[in-house]
Amino acid sequence: MTTDVAGGGIGRRPVPDASDAVAGEVAELLARHGGVVVHGPWGAGKSTLLEAVCRRWSGGVRRVRNRPGDELLPCSGLVQLSEEFLPYAGGEVDAATRLRLRVLVARTLREAPRPLVAVDDVQWLDPVSADVLGHAAGAVGRDRLAVVAAERTVGPPHRAAELLGGHPPVVPVPPAGHEEVADRLEALGLPARWSAAVLRHCGGNRALLAACCEGLARRPPARGGPLGPLPLDGLERADALADAWLRTVPEEVRRTLRTAALAHRPDTDLLYRAGRREAHDHVAHAVRAGLLTTPDGPDGTGPTAVRFSARALARAAAAAGTAAERRRDHEALAAAVSDPVRAVWHRATATEGTDRPAAEDAARAAVAARAAGDRGLASGLLLLAARLTPPHLPGPRSERLAEAALDAAAAGDVGGARRAAACLVREHGAPEQRVKALLAVVDACGQDLTTTETLFAAARGAARDDPRLLAAVELRAAIRANVAAEDFDGALAHARTAAALARGAGDDALHAAALTMAARMERVLGRPDDARATLRSALSLAVPPHALGVANSPEYLGARLAVFDGHLARARTSLLALLPVAQAAGGAEDLTDLCRSLAEADAGLGACADALAWAARARSYTREANLSPGPVWYTSALVHCHGGSFEEAGDYALRALRASRSEGDRLHTTRGLWIAGAVHLHCGRIGQALAAFEELSAGGGSSRPDDPVALRWQADAVEAFAAAGLLERAHGMLDRLDGATAAHAPHAFARATVSRARALCLARAGDLDRAAGAFEEAAAAFAALGRPVEQGRTLLAWGRVERRRRRVATAKAVWERARSVCAGAGAHPWSALVDGHLARLAGSASGAAGPDGGEAYGLTEREWLLVRLVAGGRSNPEAAHRLFVSRKTVEAMLSRVYRKVGVRNRTELAALVGPGEGV
């Protein structure tokens, strides 16, 4: 059973109406100015936005929907206002008739109390209607008539602005963002791992997004098989829409776009060298149509980069024309590109049939691409080399397919790995090559290992009785048991079997990887001494990390364990030493894991800005390689809890939780629940925090009770139970934690968190003197461990106790220490909380100003009511319910409040106006 802890933004939530927030902004502008222009490219959602605005309008609504060709039909727009103008349509309209129409239309629009005229696709509005409507807008008056006009354009909406006259407010329709895409996929039961790929494919264009989601919903991932890449072959409607968008530009522009789509990072100079002599003009035309993003050439003096605004457009452009035309484009690009590896790729792609020299060229180019860290290109070149290899050379073909699978897996390309593996299995390649390729597919699946049974069965069948091949299979089985099933004993058994098989086969690299996995599981099972001994054995084999993959190396595990044990400076040094190894290898998953670990280490050390930067890099690698997003979103939530904002931390925790649940990743589901509960706790939403921690307790917390490192959530759970008055429950958990942390020196950090949790229990029970002493002891422990954010958090709680003891001077001194510690670490959310306490202590906060307290900030009564709700811990949905508005309206109101008050998030707002203190 899954607990819904969405009350504060954590858990499942309905798909929002993407146009609702923008519609609220447009409606407010209409109320103030009487006229608003909205604009965006083809498929941006302008018509949907206009409909949302019309639904919000309290008065009558007149709609004018224009279509291509309407600009040639005089009065076609006026006829949609009223059939009384039908006699004027289609014929010549002289000056007298036009004046008469102005009078009639103005009279018609005055009849209703402030109607709204919504004009869609102004670029096709006929000149007579445009003139008459524009005159009516001025004659009737902005206080008696409102007009909203939508124009299809990426640049300035001149036609719509001219219709309204003067300088009306202009609102661009924003593209769909990551959250909107993820929400749509979740509502359809589709994997969150696809969200980045879907966003890249549609470019945020809502017409393409809707078509993508419709196609994916018809062909959801099959149960019993691994999650593959985005199934582009099922997106026929999106392809058709992209082609329709391309057809809005002339054919000669489309030919240039086809050449651009077949090239890697093209610019106008490359297109010119490839025979597209009008490249600059064609690119400018495509930018105006929204097909390409804004040029980034230096003031128009250098080559202009050519970037499609959606990958669906690049796909459609590349598929245009005949096969012979595309081959000619590749041949021209091979002669035009400066990169010799890319030139080989173009020549190989243009080559038909089999060609041994071309195959050998492609295979050599793949080695160069791999050395440069471009594993995706290496995989593509090897697949081409395999296709070009003559049938009488099955050995080289199979070897190239096996290597292609490995490179694809390193690049996170599940589809490429699966294609290579399928060819090897179908063609009965050598057992070693088949096992390598099948396990490469497993590796490429990332955290989504719940449905890989068929791959393991095929790999075991191909391995037969070869100990080295079986060791490789057993090692992946250990990873699967850990991540997908949380069967830690089973994972350890698989790892030990793999180590024994690899040792017997004399494969030091595989032996070291298996020992590393065994050490990881021994640590999870609460056997730190065994884990250290096993890790030493792995390190003694002296296998370089690049031979194993950095994330599988004993050096990396040693660094991760140092993070868990609180030796963060040492861990950081080790991780930074491994970073260039991962960069040289080009493995996206290794780079992601390293950046995540560096983010966690820097957050703990109090280098919060660096931690946020590492997390951003990890997210970038994850998006580019289409990796499982749950782990990196968990890390992002963790570092935002330290140095970003609790609001963003909660958002990332929500994403991590949803993604991990959808992929069956129990490990990061647990971590997502922990960080979600922690965010609720820090923001004072005790009920929602309890829901998260109750679910963790019911599920066993994904670990064993004798491993306090893996049970980091328990100390926060104790705080939540104590805050809710469940002291017996809190003390029971504290007693278990005391026993678990007493035995081993590496548990110093865990013991400090337990001390803080016990202090909170004492404070809740009213034993304030002992609580103050326990807080002082915990703060000193965190300071000695070099954990400034945790020290600041502890000082904050200690000051609250001193305030309750009516020791104002002591409370002030403790909070000033907390402010200094948090500021030095860049711990912005904690600094905001401390500043709020100090301000109230000095009597300078306006939170006690009563119902009119918002006047000091220029807030309306409704905005001030929202501020008090948010400061009291209400979530956006709860505030929306209380105010009888939508959640998006609350978000828009909060944005205005932040600007007026001068804060960045709800945590700082609550600190400024005075949330309930509590402990």
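This is a predicted model: local features need pLDDT of at least 70, side-chain atom pairs count only at pLDDT 80 or more; totals for chains, interfaces and linings use all residues.
Leaving aside neighbours within four places in sequence, F456 touches V442, V473, R476, A477 and R480. F456 belongs to helix α22, residues 453-463. Is F456 buried or exposed? With a relative accessible area of 5%, F456 counts as buried, because the cut-off for buried is under 20%. Now draw a distance between the C-alpha atoms of F456 and R476: the two residues are 20 apart along the chain, and the separation is 8.6 Å.

**Next stop: α21 and α23**

Select residues 431-444 for helix α21 and residues 467-483 for helix α23. Their axes come within 10 Å and cross at roughly 10°. Angles under 35 degrees count as roughly parallel, so α21 and α23 are roughly parallel to each other.

Which residues meet where α21 and α23 are in contact? Show P431, E432, V435, L439, V442 and D443 on the α21 side, then R468, L469, A472, V473 and R476 on the α23 side. Seven of the residues in this contact are nonpolar, none is polar and four are charged.

**Then strand β3**

Move to residues 116-120, which form strand β3; five of its five residues are buried. In a regular strand, side chains alternate between the two faces of the sheet. Colour L116, A118 and D120 for one side of β3, and V117 and V119 for the other: both faces are covered.

What pairs with β3? On one hand, β2 and β3 pair in the parallel sense over five bridges, and R65 has D120 as its bridge partner in β3. On the other, β3 runs parallel to strand β4, residues 146-152, with four bridges joining them. To see one residue pair, select A118 together with V148 in β4, which stands opposite.

**Last stop: N66**

Finish at N66, in the loop between β2 (61-65) and α3 (76-81). N66 is buried, its relative accessible area being 0%. Where does the side chain of N66 reach? Show backbone atoms here: the side chain comes to 2.8 Å from the backbone oxygen of D120, and one of its polar atoms lies 3.4 Å from the backbone oxygen of D121.

Terms used
Residues are numbered from 1 along each chain as its sequence is written. Side-chain values use heavy atoms; hydrogens and water are left out. Helices (H or I, at least four residues) and strands (E, at least two) are DSSP runs, numbered from the N terminus. Buried means under 20% relative accessible area, exposed over 50%, partly exposed in between (1.4 Å probe, protein chains only). A polar contact is a pair of N or O atoms within 3.5 Å; within protein, one must be able to donate a hydrogen and the other to accept it, and residues adjacent in sequence count only if both atoms are side-chain atoms. Axes are lines fitted to C-alpha atoms, for helices over the stretch in contact, and angles run from 0 to 180 degrees between N-to-C directions. Angles under 35 degrees count as roughly parallel, over 145 as roughly antiparallel, 65 to 115 as roughly perpendicular and the rest as oblique. Contact means heavy atoms within 4.5 Å. Ala, Val, Leu, Ile, Met, Phe, Trp, Tyr, Cys and Pro count as nonpolar, Asp, Glu, Lys and Arg as charged, and the others, Gly among them, as polar. Two strands pair if DSSP finds at least two bridges between them.
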